[in-house]
Amino acid sequence: MRPAKAAWERAYSYVTGFLARRLANYVVLCLIATFLAYTLASLTFHPLDVLLSRNPPPSPATIAAKARDLHLDEPLLERYFSWLGGVLHGDFGQTIDGTPITGELGRRVGVSLRLFLLGTVIGVVVGVLAGVISAVRHYRVTDYLITVGSFVVLSTPVFLLGLLLKQGALQINFAVGSNILQFTGEKTPDFQGGFWASVGDRIQHLIVPTLTIALGQIALYSRYQRSAMLDVLGSDFLRTARAKGLTRRRALVKHGMRTALIPMATLFAFGFGTLITGGVFTENLFSWYGMGDWLVYGIGQQDTNITATVTLFVAVCVLVSGWLSDVLYSVLDPRVRV
Amino acid sequence: MVLTGSAPGRVARAPVSRGRLVLRRFLRKRLAVAGLVVIVVMYAVAFLAPLFSPWTYASQDPSAYLSPPGPRHWFGTTQIGGDVFVQTMHGLQRSLTIGLLVALVSTGLAALVGAAAGYFGGWTDRALMWLVDLLLVLPSFLILAILSQWLRHQGWLMFVLMLAAFLWMITARMVRGLTFSLREREFVKAARYAGEGPWRIIGRHILPNMASLLIVDATVNVGTAVLAETGLSYFGFGVQAPDVSLGTLIRDGAPFALTSPWLFLPAGLLLILGVLAVSFAGDGLRDAFDPAGGRS
């Protein structure tokens, strides 16, 4: 079986080469993104304004010392590269009031990723299923319900959707008579109880925000999956699969769905980008102290380092999802390997 | 396609022009027509309705703080006695204007850049497509939020330009692809040999041939732009006080959503309705322009 193995190895090395090249490309784009964010933030922010507007006005020496602390006396490029050098060593610099960013970063990334990952998984799985069902039950009640529902959700901005869901959750809490659905913070601040009780507490806090962020994803994926599936349903190869004796369900799942999933791999990277923007609103709305909340805070405080760090995080997220979508693409579609 | 309304006796009939054909196909889509009507009515009402109200969006009624909707104040009042109806209409007007302008600018930009990249090819093409790729990867929401510090002193027209700067990339790619094939067509070659300059060819021969794509794209962009604008304004990164948009109205009403929902609900519902109407109209237009779409 030598030739077969050689062919497989060639294909394998081609795929890894393709993926490695994409990865290198993404790293360069990551650097450009942080560079742009850093320079734009440095050029437009006025971090000394807070100090200058203080009453009584601080002495010029204090202001000069603060400016030196923030390295405002150095040229912009030098500041960027010293920040970047720090990042490579795991040091993301300090906020304006002097606390190191690295200390808070881990917790905030954890909070955000919990929201993003759950939102993505629920969004992709439910969205693809809804799209397939919608296509298979073409022009029947189910299809209309899913279509109208996703159109309405896609026309609703995330902050409004979250606001409405919050209202709905409140009604449910009234009806049940207890606070089963929580919507401030990611956990009860001074929670007392064992491990499982605290897991339960976190889940209570998780439901409404996750729903807020997942609904948009579900709507997005179901629209595209529906049209991709409709294309596949009319295709010859599916009729062939049925003709050779596969059951309808088996033909649909093994041949139809796999083909219809290919465009979703490309959509995945795009969907994740919109998810992150939505995450900023969701965190803000439900007072989760994640990365999105940090960005809004950082811009309000005119803090270049926080803003650049969040940009780096977002860029890495988008690029990882872009790379994942390349991987998914090469898994789902054998043609790109040849 | 046979479109007959003619009596059987008539033999020859002037061929239907493309514009009329598209219009007829569009009018057959009830949802799309409804979307278009809703958008036009909303925009007209947003301009006209405040004329019939005794209040302006900046005036205050000291006899009614935070009062629920009633005959005196149709949508109720805010904490300081502002009339929610007039404010909502003003916000709607601002949001829709920004949406329409952004769509126009971004589609225009996409047409120019895409056509230039496709027509000139070579290094022009490479440089422009690199720019497109870069802008696609950049988290646009973030960049706009960072720029808001500078934007707040520039007025809302600059905000329109910045929003448009992050919306044109995908369309530019499509335009480029279409230009590649149009460039080799006989009528373009004929124009070239007749001595027409490249920009004249792009403007007179290439872009008119993809008018349908551009019209549909502009329509869809209105919805996207309105969503982006309200989102940024919600955080205070967009339209600045004392000006109001649907986004700032929702933000201001949100903290009191549970006790006085009239503060944000009108703006919220109008926003959903507007974007929904635009996307239905856009869908209908796409089907009307696409001969293969038929009537499904």
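**View 1. The side of chain A that touches chain B.** In this predicted model, 30 residues of chain A are in contact with 28 residues of chain B (contact: C-beta atoms, placed from the backbone, lie within 7 Å). Helix 1 (2-44), helix 6, helix 7 (158-176), helix 10 (248-285), helix 11 and helix 12 of chain A each supply at least two residues of this side. Helices are DSSP runs (H or I, at least four residues), numbered from the N terminus. Helix 1 of chain A gives the most, with 8 residues. By type, the residues of this side are 23 nonpolar, 7 polar and no charged. Ala, Val, Leu, Ile, Met, Phe, Trp, Tyr, Cys and Pro count as nonpolar; Asp, Glu, Lys and Arg as charged; the others, Gly among them, as polar.

**View 2. The loop at Tyr139(A).** Most residues other than glycine have a negative phi. Tyr139(A), not a glycine, has a positive phi of about 60 degrees. Its loop runs between helix 5 (101-136) and helix 6 (141-154) of chain A. Tyr139(A) is exposed, with 10 other C-beta atoms within 10 Å. A residue is buried with 20 or more such atoms, exposed with 12 or fewer, and partly exposed in between; C-beta atoms are placed from the backbone.

**View 3. The loop at Gln302(A).** Gln302(A) also has a positive phi of about 60 degrees. The residue sits between helix 11 (291-300) and helix 12 (304-332) of chain A. Gln302(A) is partly exposed, with 18 other C-beta atoms within 10 Å.

**View 4. Helix 3 of chain A and His71(A).** Helix 3 (residues 60-69) has 10 residues, and 0 are buried, so this helix lies largely in the open. Just after helix 3, His71(A) takes a positive phi of about 60 degrees.

**Notes.** Residues are numbered from 1 along each chain as its sequence is written, and chains are lettered from A in the order in which they are written. Local features need pLDDT of at least 70 and side-chain atom pairs count only at pLDDT 80 or more, while totals for chains, interfaces and linings use all residues.

How values were computed: Contact = placed C-beta atoms within 7 Å.
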